[in-house]
Amino acid sequence: AGRIRQPVYPSVSVLDPSTGKLVHGLAAERAAGQSGDAPVLRSLKRLLNGASDDTTVRIGDRKVGIRACLAEFLQSLAASIRVSAALEPSETIEAVVTWPAQGNGAMRALLRAAFGDAGIALVGSLNEPTAAAVEYADRVTGGNPRQVRKLERTLAVFDFGGGTLDVSLVSVIKGRFEVLGSLGDANLGGDDLDAVMA
């Protein structure tokens, strides 16, 4: 197996003016850089709040179903992983997906459906504050399972993403992770700071 060449895959989609097609991730960043007037959609996850299979998003003068847009984005991510040769060509891509602290059942169902449409097998899911707490526990204990089982802490997790802000209180007691409470703003994120600064 090879190495993942690009550890971060940008959450951006662009309607490429030269082809009229949607491009995603790294290709979208390149297309946006080459054409300053290319319609850009950032932080697609923000748009999942209250979305359903029938929800559409507008990119420039084009309307696209949110599920189809998500699936296309995930297909481009899967293609990027395959190019890196990190998997055997016939190997199924499996993923554990995380959702925002304020994510509801409809959002999770939409995400699951889009992953399925993209041919990526979901093997698990959890909320983002718990995922952050698991990562923290792993780092603090150096990945030692015995040390994780001894860990007893309450963590404040601040998830300030591109499109959303979530703050959660997470209890870590002897390898058990529990979200005690969460608050969030689905309309505040790094993209908003970028817009103000620009």
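This is a predicted model: local features need pLDDT of at least 70, side-chain atom pairs count only at pLDDT 80 or more; totals for chains, interfaces and linings use all residues.

Colleague: What volume does the largest pocket have?

Modeller: Its volume is about 1,200 Å³. A pocket is an open set of points on a 1 Å grid over the protein atoms alone, with protein on both sides within 12 Å along at least five of seven lines. Points are joined across faces, edges and corners, and the volume is the space filled by probe spheres set on them.

Colleague: How many residues line the largest pocket, and which lie nearest its centre?

Modeller: There are 42 lining residues, and Tyr-9, Ser-11, Phe-73, Leu-74 and Leu-77 lie nearest the centre. A lining residue has an atom within 4 Å of a point.

Colleague: Which element gives the most to that lining?

Modeller: Helix 2 does, with nine residues. Strand 1 (12-15), strand 3 (40-42), helix 2 (66-83), strand 6 (94-99) and helix 3 (105-117) each give two or more. Helices (H or I, at least four residues) and strands (E, at least two) are DSSP runs, numbered from the N terminus.

Colleague: How does the pocket lining divide by class?

Modeller: It has 23 nonpolar, twelve polar and seven charged residues. Ala, Val, Leu, Ile, Met, Phe, Trp, Tyr, Cys and Pro count as nonpolar, Asp, Glu, Lys and Arg as charged, and the others, Gly among them, as polar.

Colleague: And how many cavities of 30 Å³ or more are there?

Modeller: The count is one, where a cavity is a set of points at which a 1.4 Å probe fits but cannot get out. About 30 Å³ of space lies in the largest cavity, and its lining consists of Val-97, Trp-99, Arg-108, Leu-111, Arg-112 and Ser-125. Helix 3 gives the most to this lining, with three residues.

Colleague: Back to strand 6, then. Which residues are on its covered face?

Modeller: Ala-95, Val-97 and Trp-99 form the covered face, and Glu-94, Val-96 and Thr-98 the uncovered one. In a regular strand the side chains alternate between the two faces of the sheet.

Colleague: How many bridges join strand 6 to strand 7?

Modeller: Six bridges join them, and the two strands run parallel; pairing requires that DSSP find at least two bridges. Glu-94 stands opposite Ala-121 in strand 7.

Colleague: Changing topic: where is Phe-160, and what does it contact?

Modeller: Phe-160 lies in strand 8 (residues 152-160). Leaving aside neighbours within four places in sequence, Phe-160 is in contact (heavy atoms within 4.5 Å) with Leu-165, Leu-188, Gly-189, Gly-190 and Leu-193. Strand 8 pairs with strand 9 (residues 165-173) in the antiparallel sense over nine bridges, and the two form a hairpin with four residues between them.

Colleague: Last one: is Lys-174 buried or exposed?

Modeller: Lys-174 is exposed, with a relative accessible area of 53%; buried means under 20%, exposed over 50% and partly exposed in between, using a 1.4 Å probe and protein chains only. Lys-174 is in the loop between strand 9 and strand 10 (176-185), and has a positive phi of about 50 degrees although it is not a glycine.

How values were computed. Residues are numbered from 1 along each chain as its sequence is written. Side-chain values use heavy atoms; hydrogens and water are left out.
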